[in-house]
Structures are given as C-alpha cells and as structure tokens.
Number of protein chains: 2
Amino acid sequence: MVQVNEAETIFVGSKPLINYVSGIVMQFNTSPEVIIKSRGKFTAKAIDVVELAKKKFKEELTPKSIEIGSEQFQTKEGKKVNVSTLKIVLKKV
Amino acid sequence: MVQVNEAETIFVGSKPLINYVSGIVMQFNTSPEVIIKSRGKFTAKAIDVVELAKKKFKEELTPKSIEIGSEQFQTKEGKKVNVSTLKIVLKKV
C-alpha cells in the first residue's frame with residue numbers, strides 16, 4: 001500500500017492520506033517506533049498524516065522527535081533545486 | 001512587512017518567502033528567540049522559511065523546538081474543519 005523500507009520509514013507523497021495512516025498502523029504492529037519522512041510540498045501532508053494517525057490511536061501516539069532540513073534535488077532537466085525535508089519519529093505513549 | 005505580535009511570533013501565510021525571512025532577521029535584533037507559526041498548506045512554507053533563514057545566517061540558527069498539532073477552524077460557510085499546525089522556535093547557536 002505504501003513503501004516501507006528496512007528502517008521502518010514511511011515516505012509521504014502523492015497517495016491518499018489514509019494509505020499512509022494505514023501504513024503507520026501496520027508498522028506499529030511490528031515496531032515500537034515509526035519514522036515518517038517527506039519533502040517539499042508533502043511536508044504539510046506528512047503533518048496531516050501524523051495528526052490523523054493520532055486520532056485513530058486516540059492520542060496514544062506522540063512525536064519522539066521532529067527534524068527539518070533541506071536537500072539538493074536534481075530535476076529531469078538537470079537543474080539543481082533545494083527542497084525542504086521533514087522527519088517525524090512517532091512512538092506510542 | 002509581516003505581522004509580529006507581542007510574543008515575537010511570526011505567522012507564515014501567503015506573502016513571499018523573503019518577507020518572513022526578513023521578519024526573522026529583524027526579530028533576532030531584539031530577541032534571542034523567534035517563534036514561527038503556520039497552519040494548513042503553509043506549514044510546508046514555514047519549513048522553507050526556516051531553511052532559508054538558516055542559509056542567510058550561515059547555519060547559526062537552530063530549531064530549539066518543533067511542535068505539530070491540529071486546530072479546529074470555521075469556514076465562512078460555518079463548516080468546521082481541522083487544520084494541522086506547526087510551531088518552530090528558533091534560536092541562535
């Protein structure tokens with residue numbers, strides 16, 4: 001449903017919100033922590049995903065850490081652009 | 001240029017990025033910390049503002065805390081919707 005790599009990281013992109021929330025729910029079945037990453041305009045969506053997941057878990061989730069940063073990104077035309085990044089580590093309360 | 005209230009809070013909205021970055025630069029002249037708040041789609045922009053401010057300050061800025069949350073918001077039609085919120089407290093390194 002959503003891409004999950006070895007380090008239990010969920011990358012928030014263009015799929016529907018609920019896909020990522022389901023991904024978080026599934027990850028918590030096998031892991032005490034879930035990492036949510038996003039970049040560019042999807043950083044706003046990642047916050048929506050976390051807030052929705054908190055509602056689904058009836059507030060039993062809390063961010064262990066929140067980090068922002070920026071990454072250089074090469075477009076198809078070979079142009080280098082900077083994008084902002086967001087990383088949220090979620091844990092159960 | 002940008003709205004700054006008594007608590008040195010800068011609200012990131014629809015103005016150009018550079019306006020908010022200038023607001024941060026000015027605030028640091030009179031305050032050791034600056035609070036950046038945004039909601040909804042502007043949360044992604046607030047991260048861009050902070051990353052750009054870090055570049056202007058040659059990385060001498062760092063987030064002291066980052067908080068996410070959600071707020072209920074009433075539309076003109078009286079409909080209640082939830083929006084995600086982001087609060088970043090910046091300090092000089």
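1. How many salt bridges does the rule find across the interface of chain B and chain A? In this predicted model, the count across that interface is zero salt bridges, although the rule does find four residue pairs in polar contact there, with both residues at pLDDT 80 or more.

2. The contact draws 21 residues from chain B and 21 residues from chain A, and the two chains bury about 1,400 Å² between them, with 63% of that area on carbon and sulfur atoms. On the chain B side, B:Ile47, B:Ile66 and B:Ile68 supply 41% of the area buried against chain A, which is more than any other three residues give.

3. As for where the chain B side comes from, the elements that give two or more residues to it are helix 2 (42-56), strand 3 (61-74) and strand 4 (80-92) of chain B. Helix 2 of chain B gives the most, with eight residues, and by class the side of chain B that touches chain A has eight nonpolar, seven polar and six charged residues.

4. Turning to chain A, A:Val21 is found in helix 1 (residues 17-30), and because its relative accessible area is 1%, A:Val21 counts as buried, the cut-off being under 20%. Leaving aside neighbours within four places in sequence, A:Val21 is in contact with A:Val49, A:Leu52, A:Ala53 and A:Lys56. The C-alpha atoms of A:Val21 and A:Val89, which lie 68 residues apart along the chain, are separated by 14 Å.

5. In chain B, the buried residues of helix 1 (residues 17-30) are B:Asn19, B:Tyr20, B:Val21, B:Gly23, B:Ile24, B:Gln27 and B:Phe28. What covers these buried residues includes strand 1 (9-11), strand 2 (33-39), helix 2, strand 3 and strand 4 of chain B.

6. Over all chains the structure holds two aromatic pairs. One of them, formed by A:Phe28 and A:Phe57, is edge-to-face, at 5.7 Å centre to centre and 75° between the planes; this pair links distant parts of the chain, with A:Phe28 in helix 1 of chain A and A:Phe57 in the loop between helix 2 (42-56) and strand 3 (61-74), 29 residues apart. A:Phe28 counts as buried at 7% relative accessibility, and A:Phe57 is buried with a relative accessible area of 15%.

7. The rings of B:Phe28 and B:Phe57 have their centres 5.7 Å apart and their planes at 75°, so this pair is edge-to-face. B:Phe28 lies in helix 1 of chain B and B:Phe57 in the loop between helix 2 and strand 3 of chain B, 29 residues apart, and both B:Phe28 and B:Phe57 are buried.

Key
Residues are numbered from 1 along each chain as its sequence is written. Chains are lettered from A and ligands numbered from 1 in the order in which they are written. This is a predicted model: local features need pLDDT of at least 70, side-chain atom pairs count only at pLDDT 80 or more; totals for chains, interfaces and linings use all residues. Side-chain values use heavy atoms; hydrogens and water are left out. Contact means heavy atoms within 4.5 Å. Buried area is the accessible area (1.4 Å probe) that two parts lose on being put together, summed over both. A salt bridge is a side-chain nitrogen of Lys or Arg within 4 Å of a carboxyl oxygen of Asp or Glu. A polar contact is a pair of N or O atoms within 3.5 Å; within protein, one must be able to donate a hydrogen and the other to accept it, and residues adjacent in sequence count only if both atoms are side-chain atoms. Helices (H or I, at least four residues) and strands (E, at least two) are DSSP runs, numbered from the N terminus. Ala, Val, Leu, Ile, Met, Phe, Trp, Tyr, Cys and Pro count as nonpolar, Asp, Glu, Lys and Arg as charged, and the others, Gly among them, as polar. Buried means under 20% relative accessible area, exposed over 50%, partly exposed in between (1.4 Å probe, protein chains only). Rings of Phe, Tyr and Trp (its six-membered ring) pair if their centres lie within 6.5 Å; planes under 30 degrees apart count as stacked, over 60 as edge-to-face and the rest as tilted.
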